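Me: I would like to go through this structure with you, a few local features at a time. Could we begin with one of the strands?

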Amino acid sequence: MKRMAVTRVARLIVNAASVVVPRWRRSEWRREWDAELWYAPRGAVRLSAGAVPHALELLQQHWSLDMVTQDIGYGFRMLRRSPGFTIVAALTLAIGIGATAAVFSIVHAVLWRELPYRAAANLVQLWETNPDRHWTEAECAPANFADWTRENQSFEDMAAYWGAARDAWIMNYALTGAGEPERLKGMTVTANFFSLLGVQPALGRAFVADEDWRGKDGVVVISDGLWRRRFGADPALVGRAISLDGRPRLVVGVLPADFRFNNAPLDVWVPMGWTPESIANTRRPHNLRVIARLKPGVTSAQAQGDLDRIASDLERRYPQTNTHMGVGVGPLREWIVGPSRTALQVFLAAVALVLIVACANVANLMLARGAARARELAIRSALGASSTRLVRQMLTESVLLASIGGALGLLIASAAIAAVVAYGPASMPRLHEIRLDRAALAFTMAITIVTGIIFGVVPARQSRVREVTASLRGSARDGGVAGGGRLRHALVVAELALSLALLVGATLLARSFVKLNQVDLGFVPEQTASVQLILPRATYNTPQRQSEFLDRLLERLRAIPGVRAAGAAQRALLDGSLWSSDFTIEHRAPDEYGIEVRHNELTPGYIDAIGGRILRGRDFNASDRAGAPLTVLVNDALVRRYFRNEDPIGQRLNFDRPGGTSPWRTIVGVVKAYREEGVDFDPRPTIYESLAVNTDLMFTIVLRSGGGGAPPPVEKIALAPTIRGIIHELDPNLPVAAVTPLTARVDEALAPHRFSTTLMALFAIAGVVLATVGLYGVLSYLAAQRAHEIGVRIALGATGGDVVRLVTRQAARLTAVGMIGGLALALASGRLMSGLLFGVNAYDPATYAVVLALLSAVAMCAVLAPVRRALRVSPLVALRAE
Amino acid sequence: MSRLPLRPTLVAVLQALTAGARHGFDVISATGLPSGTVYPALARLEHEGFVESRWEDHKVAQKEKRPPRRYYEVTRAGEKILTAAVAALKERERAARARLRAFRPVKVSR
C-alpha cells in the first residue's frame, strides 16, 4: 500500500516535469521514466527528482542556439523587407523607450538614489515647529541647537549651517586681493559639517572642532572649482590666506570636485565663529539649519521621541522663547528632494502612458502586418512549422524590433538627459547627479524586452488561431482576422484614452503657466536693471559708512541719463523668504499682536524703481535716517488684515509682543503689496524699514529707465558697464555681480513651471500623434477591408453620404469610447496633478472641454483620408475582386 | 590549466556505461551520482553524439512482465572523447601532484 503511494508521488513528479519536455520527445520520455520507476520502486521518489532537470535539459536542447539565431536572421530579413513598417515602428518605440529611460534616469537620480555621502540613509534634517506661528519646517535657534546636541541620545553627531529660510542658505562673500574682486557663494557651517557627511577634502583638511569659535574661525574650505578657476590649481594654496569680505582666512582644505550640498555650486565654506555666550543664550532669532546622523539602529521615530523630550524640557525652562516650540525630524534626502516629488511622479506617470501608447501603436501595426503575412505564416505552418515555433518567430521579431527601438531610444534618452542637465531649472535638486547609469541602462533593457513581448504577444497569438486553408486561398477579406479587428479597436480605444489623459494634464499645466505669467506681480519687471552688492565688513564697519556709501552710489546712479528711479533693498525680489517677527500695534488690547510678519529694508525710490505703488502716505525720504524718529512702510496686505476700519498712517507699531522692548515706529506710508517672496504665492503682511536706519552689508540695487513716451528698455542701453564703472569709481575693491533685469529674476522663478509644462506638452504631443496615427491606421485598414462591401452598396445605389456615414460611424464609436476611458483616467489623476497647478482647478471643466474638442478634431483628421478613399471605390473594381 | 574536454560528471557517466551499465538506474548505482545529475548527463551525451540509445525489444520485456527499458551505449565518438578526457584528468592529477611536491610549508619563527 505504501509502495503504491510512493510510486504515485513519483509519477506525479514525472507527469509535472513532462510538461516541459518538447512535445515530439514527450511520449518517449514518458516511457523511459515509466521503466526507470518500475525498476526502482523503493527509491522512486528520489529517483523521480531527476526527471525535472532531465526535462529541462531536453527543453534547452530543443531551444538550441542555432534555432534562435535562425529566428533572428529570419526576423532581420522580414524587417528589412518592409522598411516603412520597420522605420515607423522602431521610431515609435524609440520615442516611447527613450522618453521613459530619460525620465527614469531623472527620477532615479533625484528621488531614489541615496545621497552621495557616507551611509547617507542615516542622515536626517532637523527643524523647529511652532503651531502658534504656523511654523512647520522652521530654522533652529543657536541655543536650542546646542541643547539638542548636548542632550540627545539618538544621534552620532549633529551639525548646523546658517540659513535664513528654506531656500536662503547660500551666503555671499566678496573675494578680494589679487585680481578682480569676485562675488563667491558659500555656506557658514559648524566645524563638524564635513565629517558628519563623511566628506574628506581632496587637499588639506576639513575644519577642526576649535574653529567653531570666534578668534579661531579665520579659516576657509574652498571648492575644487574655485581652486582651479581662481588659483590655477596651486597645491601650495592650502596654508595661505585669502581675503573674504575684507577678512583674511587661511585656506585649510580643497574639497573633491564632485562635492555638492543640495544642487548648489558653491565656492567657500566658513565656520560659524560663535562665542560661548552667543550660542548659550540665543533662542531668537531662528537662523540655523540642522543636519544630523542617526546612531546605527535608531529609527527616525525614536529620534523624534528623543527630541520631543528635549523640546518639552526646553519649553519648561524657557517659556519666554520656547513655548510650543517643537522639533521635527526627517530624512535629509526627503528634505532635499521632497519639493520636486510631485512633479517627478507626474512625469513618470505621463511617460509611462506615452510608452503604453507607443506599444499599443506598434502592436496595431504588427496586427495589420500580421494580416498581410497570413499567407507566409500559413505556408510555413503547412510546411511543418509548429504553431509554437511560429509564435516564437513572431516574438523574436517583436523583441528584435524593440531592441532596435531601444537602441535608438537610448540615444534619445542620453540627448534628453544632457539637455535636462544643461537647461533644467536650477532649483531642481541633484540636477548634476542625473546621468544614464547602470540602473537606467538595466531599466531600459528591461522595458525594451518587456515592450517587445507586450506588443508582440498579441499578434503572435493571433498568428496561431489562423485557419491555414483560408489563408492559403488568399482572398483579401479572409486574410484579415475576425478577432483581430476587435483587438485593434481595443488598442486604438486605449491609445485615445491615454492620450486624452496626457492632453488634460498638459493643458492644465499650460493654463496654470499662463495664469502664472498673467499674475499681477505688484511690480513691473520690464525696463529695470538690478545688481547685488556686498560691502566688505573690514572697510564698512559702521552703519554710517554703509549708508554713506549707499547714498553716494544711488545719487550717482540716479544721475545716469535715462534712469528714472533708483533704490536699494536689503533682500532682493524673488530671492526666497524674508525674515519675520511678531509685531504689536500701539493702543491695542494687551493680548493682541501679529505674528510672522515679514520684513525688508528699503531706500527711498526703491518702490518707484521696481514699479510698485505707494497707495497712501509717502515713501521714505532723506529724513528717515539714523537718529530721526523711526518710521516704517507697511503693505496693504498688512493693512487689510490688521487695520480693518482704521487709517494706518500715523499709527505706531513695534517688532515684539506686547510688553516687549522694541521701540515704536510710525507708519508713514502704505505700499501696494508685491510678490517679493515668490511668483506663485500671495504676498504676506510685510513691514518695510528704511535701509538708512537698519543698514546692512548686503543689498540689491534696482534701476528703472525711461520717463514718459517710449523709453528704451534699460537692458538695451548698455547700462551694465556704466553701473559697474560707477561702483568701481566709488570702491575699486568691491566685487560686482552680474547686472540683470528683474525680468530675468521672474524668468528664473518661473523656470521650474516652464520645465514641467514643456515636458508635459512634449509627452502629450507624442501621445496624441501616436494615437492619431493609430486611429488613422485602423480606419484605413477598415475602409480597405470593406472596399468590396462599399462597392456593392454603391452599386446598389448608396449615396456618398451613406458611405461617409458608414466609415465615420465606426470612427465616432471608437473615439467616444476612448474619450470616456480617458476622462475617467484624467479625473482619477486629478489629485496628483493638483499639487502642480497654480490658479487652475485640476477638474477644470473648461480644460476638459477644450481637450475633448481638440481630440475630436484630431480624430476627424484621421478619418478624412480613409473616407475619401472609400468614396472613390468604384463598384466595378469592387465586384471584380470577387 | 587546459580545459577538460568533458565535465567530470559526464566522464563518470561515460565510464559507467563502458563498464557495462546500460540504463539510467544502472548508472546511478555504478557512479553514486544523484538522479538529477545522471539523467540530464545522459541526455546531454546523447545530444552531443557520445551516446546512443535504443529501446529494448518489447517482446523480451513482455515475457518478463515488465516495461521495456531504454538502453544507452557509448558511440565511437564517445570512446574517443572518454580516452581524451581521462588523459586530461590524469594530466591534471599529475600537475597537481607536482605542485604539491614542490610545496614547502614556510616555517614561522616566533
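Me: Which residues lie on each side of S21(A), and are they buried or exposed?
Reply: The model is a predicted one. In S21(A), A:Thr686, A:Tyr688 and A:Ser690 lie on one side, with A:Ile687 and A:Glu689 on the other, and all are buried, so both faces are covered. The strand spans residues 686–690 of chain A, and five of its five residues are buried.

Me: What does S16 pair with, and in which sense, parallel or antiparallel?
Reply: Strand S16, residues 594–602 of chain A, runs parallel to S21(A), and five bridges join the two. Within S21(A), A:Ser690 has A:Leu602 opposite it.

Me: And how many bridges are there between S18 and S21(A)?
Reply: Three bridges link S21(A) to strand S18, residues 631–635 of chain A, and this pairing is antiparallel. Here A:Glu689 of S21(A) faces A:Val632.

Me: Another strand, then. How many residues of S4 in chain A are buried?
Reply: Five of the six residues of S4(A), which covers 171–176, are buried, and the strand is thus mostly covered. S4(A) pairs with strand S5, residues 182–189 of chain A, in an antiparallel arrangement with five bridges. A:Leu184 in S5(A) is the residue opposite A:Tyr173.

Me: What about S4(A) and S8: how many bridges?
Reply: Two bridges connect S4(A) with strand S8, residues 241–244 of chain A, again as an antiparallel pair. A:Leu175 has A:Leu244 of S8(A) as its bridge partner.

Me: Moving to helices. At what angle do H25 and H29 of chain A pack?
Reply: H25(A), residues 742–785, and H29(A), residues 845–871, pack at about 30°, and their axes are 9 Å apart. Because angles under 35 degrees count as roughly parallel, H25(A) is roughly parallel to H29(A). Their crossing is right-handed.

Me: Which residues meet there?
Reply: From H25(A), the contact involves A:Val768, A:Thr772, A:Leu775, A:Tyr776, A:Leu779, A:Ser780 and A:Ala783. Those they meet in H29(A) include A:Leu855, A:Val858, A:Ala859, A:Ala862 and A:Pro866.

Me: And where do H7 and H11 of chain A stand, at what crossing angle?
Reply: The axes of H7(A), residues 142–151, and H11(A), residues 300–317, come within 10 Å and cross at roughly 130°. That angle makes H7(A) oblique to H11(A). H7(A) contributes A:Asn144, A:Asp147, A:Trp148 and A:Glu151 to the contact, and the H11(A) residues include A:Arg309, A:Asp313 and A:Arg317. This crossing, too, is right-handed.

Me: Change of topic: is A:Leu876 buried or exposed?
Reply: A:Leu876 counts as exposed, because its relative accessibility is 55% and the cut-off for exposed is over 50%. A:Leu876 belongs to helix H30, residues 875–880 of chain A. Its C-alpha atom is 8.7 Å from that of A:Val792, a residue 84 places away along the chain.

Me: Lastly, chain B. Where is B:Arg66?
Reply: B:Arg66 sits in the loop between helix H4 (58–63) and strand S2 (70–74) of chain B.

Me: Why does B:Arg66 count as buried?
Reply: Its relative accessibility is 14%, and buried means under 20%.

Me: What does the side chain of B:Arg66 make a polar contact with?
Reply: The partner is the side chain of B:Glu56, at 2.5 Å. Leaving aside residues up to four places away in sequence, B:Arg66 touches A:Trp38 and A:Tyr39 of chain A, as well as B:Glu56, B:Val60 and B:Ala61.

Methods: Residues are numbered from 1 along each chain as its sequence is written. Chains are lettered from A and ligands numbered from 1 in the order in which they are written. This is a predicted model: local features need pLDDT of at least 70, side-chain atom pairs count only at pLDDT 80 or more; totals for chains, interfaces and linings use all residues. Side-chain values use heavy atoms; hydrogens and water are left out. Helices (H or I, at least four residues) and strands (E, at least two) are DSSP runs, numbered from the N terminus. Buried means under 20% relative accessible area, exposed over 50%, partly exposed in between (1.4 Å probe, protein chains only). A polar contact is a pair of N or O atoms within 3.5 Å; within protein, one must be able to donate a hydrogen and the other to accept it, and residues adjacent in sequence count only if both atoms are side-chain atoms. Contact means heavy atoms within 4.5 Å. Two strands pair if DSSP finds at least two bridges between them. Axes are lines fitted to C-alpha atoms, for helices over the stretch in contact, and angles run from 0 to 180 degrees between N-to-C directions. Angles under 35 degrees count as roughly parallel, over 145 as roughly antiparallel, 65 to 115 as roughly perpendicular and the rest as oblique. A crossing is left-handed if the near helix is turned anticlockwise from the far one by less than a right angle, and right-handed if clockwise.
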